[in-house]
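Here are my notes for when you have the model open.

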Amino acid sequence: MKRVALALLVVGVVACGGGGGTAQAEVDGSSGRASLELRDAQRYVPSRIVNVKPGSRVTVELKNTGNLVHSFQSNDLGVPEAVKVEGGKTGSATFTAPAAAGTYKFQCTEPGHAEAGMVGEVVVQ
Ligand SMILES: [Cu+2]
């Protein structure tokens with residue numbers, strides 16, 4: 001009986017964390033500029049850049065408001081070398097959006113961060 005209750009609790013927490021975080025946290029990238037905050041809870045805020053035009057040039061401002069080093073890296077978006085930003089500093093990553101519409105992932109390459117949820121996506125449409 002106790003085991004069932006615990007399992008239900010875990011499912012509830014996972015569902016909650018997945019839904020709330022990404023749905024509202026997005027930024028319009030149609031201007032070619034987007035600003036993301038890099039946080040020590042190991043996440044990007046927002047974690048979605050939407051309305052990016054195929055083939056357009058996009059500059060992502062990276063504002064690290066935490067104490068740890070964080071980064072932005074994406075093979076899909078042509079940013080194979082991680083752009084690292086130290087705690088309290090800012091940086092930027094520039095890429096040319098893929099010609100094909102779709103959703104492209106980016107991530108933090110610091111050990112354990114992507115696994116902890118520090119991933120995001122760019123929606124090209
Ligand atoms: Cu990180």
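1. Which residue in strand 3 does Glu-37 stand opposite? Glu-37 faces Val-45. Before going on: this is a predicted model, where local features need pLDDT of at least 70, side-chain atom pairs count only at pLDDT 80 or more, and totals for chains, interfaces and linings use all residues. Numbering runs from 1 along each chain as its sequence is written, and side-chain values use heavy atoms, with hydrogens and water left out.

2. The open sheet has four strands in the order 3-2-5-8, with mixed pairing. Strand 3 (43-45) and strand 8 (90-96) are the edges, each pairing on one side only. Helices (H or I, at least four residues) and strands (E, at least two) are DSSP runs numbered from the N terminus, and two strands pair if DSSP finds at least two bridges between them. Strand 2 (residues 33-39) and strand 3 are antiparallel, with three bridges.

3. Gln-42, in the loop between strand 2 and strand 3, has a positive phi of about 65° without being a glycine. Gln-42 is also buried, at 16% relative accessibility (buried is under 20% relative accessible area, exposed over 50%, partly exposed in between; 1.4 Å probe, protein chains only). Then comes a cis peptide bond between Val-45 and Pro-46, omega about -5°, with Pro-46 in the loop between strand 3 and strand 4.

4. Asn-51 is another non-glycine with a positive phi of about 65°, but its place is in strand 4. At 24% relative accessibility, Asn-51 counts as partly exposed.

5. Now the copper ion. Its protein donors are His-70 (ND1), Cys-108 (SG), His-113 (ND1) and Met-118 (SD), at 2.0 to 2.5 Å. Donors here are N, O and S atoms within 2.8 Å of the metal (3.2 Å for Na, K and Ca); water is not among the atoms, so sites may look incomplete. The spacing in sequence is H-x37-C-x4-H-x4-M. His-113 is buried at 8% relative accessibility, and Met-118 is buried at 0%.

6. Last, the inside. Leaving aside neighbours within four places in sequence, Val-122 has contacts (heavy atoms within 4.5 Å) including Ile-49, Phe-95 and Tyr-104.
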